[in-house]
Amino acid sequence: MRTSVLVGSCIVIILALALLFTLPSTDTIPYILRGKAGEIEFRQYPLLVLATVDNSDNDSGFNLLFAYISGSNKAHNTISMTAPVITSQTIAMTAPVLSNASSMSFVMPAGKPREEIPDPLDSRVRIETLPGREIAVIRFSGYASQDDVNAAESRLKEGLKTAGVTTVGEPFLMRYNPPWTPGFLRRNEVGIEVQR
């Protein structure tokens, strides 16, 4: 009995520490909740300024973007990290500011116009502006494996089809947590632009 209480206490302490060290320390993109349909949230996002890298390798894309916000820019300024990190997969050519390659984007701090964002030193990083838009989102936890992302994307598309909501472009993945966050504490979302 004493051993099981000790083991249980250790597990609780470890989980509490994991939660404490994985609470987001970054700002998140502000949005206005416009409604819900089942597990789908409809959010209005403001104009966003993104630092984007076209790359199918998440590690190198992340590293380039992290270097950019860490001072690898013409002003040699550090830029606050914001959440989520946005990853797209085969974006349609009709999307005005994203390419047709797999890409990763860091959102620049809210309220900063493009003119206040320093230009990157590395030509593989580009700064772009995404106009305000309404996004439909489904949230899920875990490590955002391709199977998990595909399942959330299917639920999102099916839910929007059932609700009669028109989509624009292709779905994208938003990840909110640092890499050391345990899977069950991770916040991930699949989103797509909608017109209602």
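## A helix across the sheet

Contact here means heavy atoms within 4.5 Å. Keep that in mind for helix H3, residues 146-163, in this predicted model. Helix H3 lies across strands E3 (40-45), E9, E10 and E11. Relative to E9, helix H3 runs at about 130°.

## Nine strands side by side

Let's turn to the sheet itself. It's an open one, built from 9 strands in the order E2-E3-E9-E11-E10-E6-E7-E4-E8, with antiparallel pairing. Strand E2 (32-37) and strand E8 (125-130) sit at the edges with a single partner strand each, so one side of each has no neighbour in the sheet. On average, neighbouring strands are turned by 30° against each other, if you ignore direction.

Further along that order, strand E6 (residues 85-88) and strand E7 (residues 103-107) are joined by 4 bridges and run antiparallel. Here Val85 stands opposite Phe106 in E7.

Is strand E11 mostly covered or mostly open? Mostly covered: of the 8 residues in this strand (188-195), 6 are buried.

Strand E11 pairs with E9 (residues 133-140) in the antiparallel sense, over 6 bridges. Look for Arg175, which stands opposite Asn188 in E11.

## Charged pairs

Now for the charges. Side chains of opposite charge can pair when their charged atoms come close. Searching the whole structure turns up 13 salt bridges. One of them links the side chains of Glu41 and Arg43, at 2.8 Å from N to O. Arg43 also forms a salt bridge with Glu189, with the closest N and O atoms 2.7 Å apart.

Another salt bridge joins Arg126 and Glu128, whose closest N and O atoms are 3.0 Å apart. How do these partners compare in exposure? Buried means under 20% relative accessible area. Glu128 has 7%, so Glu128 counts as buried, while Arg126 has 24% and is therefore partly exposed. Elsewhere, salt bridges that share partners join Lys36, Glu41, Arg43, Arg139, Arg187 and Glu189 into one network.

Key
Residues numbered from 1 in each chain as written. Predicted model: local features only at pLDDT ≥ 70, side-chain atom pairs only at ≥ 80, totals over all residues. Heavy atoms only, no water. Buried < 20%, exposed > 50% of the residue type's maximum accessible area, 1.4 Å probe, protein only. Helix = DSSP H or I, 4+ residues; strand = E, 2+ residues; numbered from the N terminus. Pairing = 2+ DSSP bridges. Axes fitted to C-alpha atoms, helices over the stretch in contact; angles between N-to-C directions. Salt bridge = Lys/Arg side-chain N within 4 Å of Asp/Glu carboxyl O.
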